[in-house]
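Hi,

Here is the structure I promised to pass on. Have a look at it first, and my notes on the charged side chains follow below.

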Amino acid sequence: MSTIKYIGRTNDFRGKTLWEIVGNLKNFGVGRVVVRSMFERYPEPSFMRIVKVEALPDEKPERKVRVTVEKTFRGRTYPKLVEVESTSYKADYRLLAKHEEKSYCKLVERQEKIFPREIELPPLLREFVTRETGKPAPMIPIRLKDGRENRYRVAKEGEQPTVPVTMNLGKPASPSLYANCEL
């Protein structure tokens, strides 16, 4: 019996390219809703409503198309129109049926996550800092990276955080190794 050996890169794409979708639609799909399968992993809806379509020069091996869309990513609609060109060749898009559009495109407000202002240090670093400074429980301030999709922030003075952050080792793979340690 022979075995099959796959060579080359694999991908997680499911669907068609934008070229295939808009090429088969009346008026090139203007007004229709397209969903990128890669973004369906999020609980909030992510979709694109087609506003304008332009064909690009034929490039081998893949055909590309420039599509201007109203983009909604993770329940947040972008204020400006977005041009999809560089990812239009990926076979990762699907067209929503007209009867699905209303229910799929219903926006749900995401809850904002509030993190504490400071957290405790990791156990080994906590020991070093305690010996150096003499403070029994040293803390370090949290700094969060800003981004346009962020729905989280650091708690303001006196505000209660919604996300508990603790520094622990979790459940060890071999508890017997930590039997005589204080954590």
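Is Glu101 buried or exposed? Glu101 is buried, with a relative accessible area of 13% (buried means under 20% relative accessible area, exposed over 50%, partly exposed in between, using a 1.4 Å probe and protein chains only).

Before the rest, a word on the source. This is a predicted model, so local features need pLDDT of at least 70 and side-chain atom pairs count only at pLDDT 80 or more, while totals for chains, interfaces and linings use all residues. Residues are numbered from 1 along each chain as its sequence is written, and side-chain values use heavy atoms, with hydrogens and water left out.

Back to Glu101. The side chain of Arg32 meets that of Glu101 in a salt bridge, at 3.5 Å from N to O (a salt bridge is a side-chain nitrogen of Lys or Arg within 4 Å of a carboxyl oxygen of Asp or Glu). This pair links distant parts of the chain: Arg32 sits in the loop between H1 and E1, and Glu101 in helix H2 (residues 98–104), 69 residues apart. Arg32 and Glu101 are both buried. (Helices, H or I with at least four residues, and strands, E with at least two, are DSSP runs numbered from the N terminus.)

Glu101 also has a salt bridge to Arg49, at 3.8 Å from N to O. Arg49 is in strand E2 and Glu101 in helix H2, so this pair ties together parts that are 52 residues apart in sequence. Arg49 counts as partly exposed, at 26% relative accessibility.

There are other bridges to look at. By the rule above, the count comes to 14 salt bridges. One of them joins the side chains of Arg14 and Glu40, at 3.7 Å from N to O. Glu40 is partly exposed, with a relative accessible area of 27%. Then there is a network of salt bridges that links Lys52, Glu54, Arg66, Glu83 and Glu85.

Last, Arg36. Arg36 lies in strand E1 and counts as buried, at 10% relative accessibility. The side chains of Arg36 and Asp92 are joined by a polar contact of 2.9 Å (a pair of N or O atoms within 3.5 Å; within protein, one must be able to donate a hydrogen and the other to accept it, and residues adjacent in sequence count only if both atoms are side-chain atoms). Leaving aside residues up to four places away in sequence, Arg36 touches Phe13, Met48, Thr87, Lys90, Asp92 and Tyr93 (contact means heavy atoms within 4.5 Å).

Cheers
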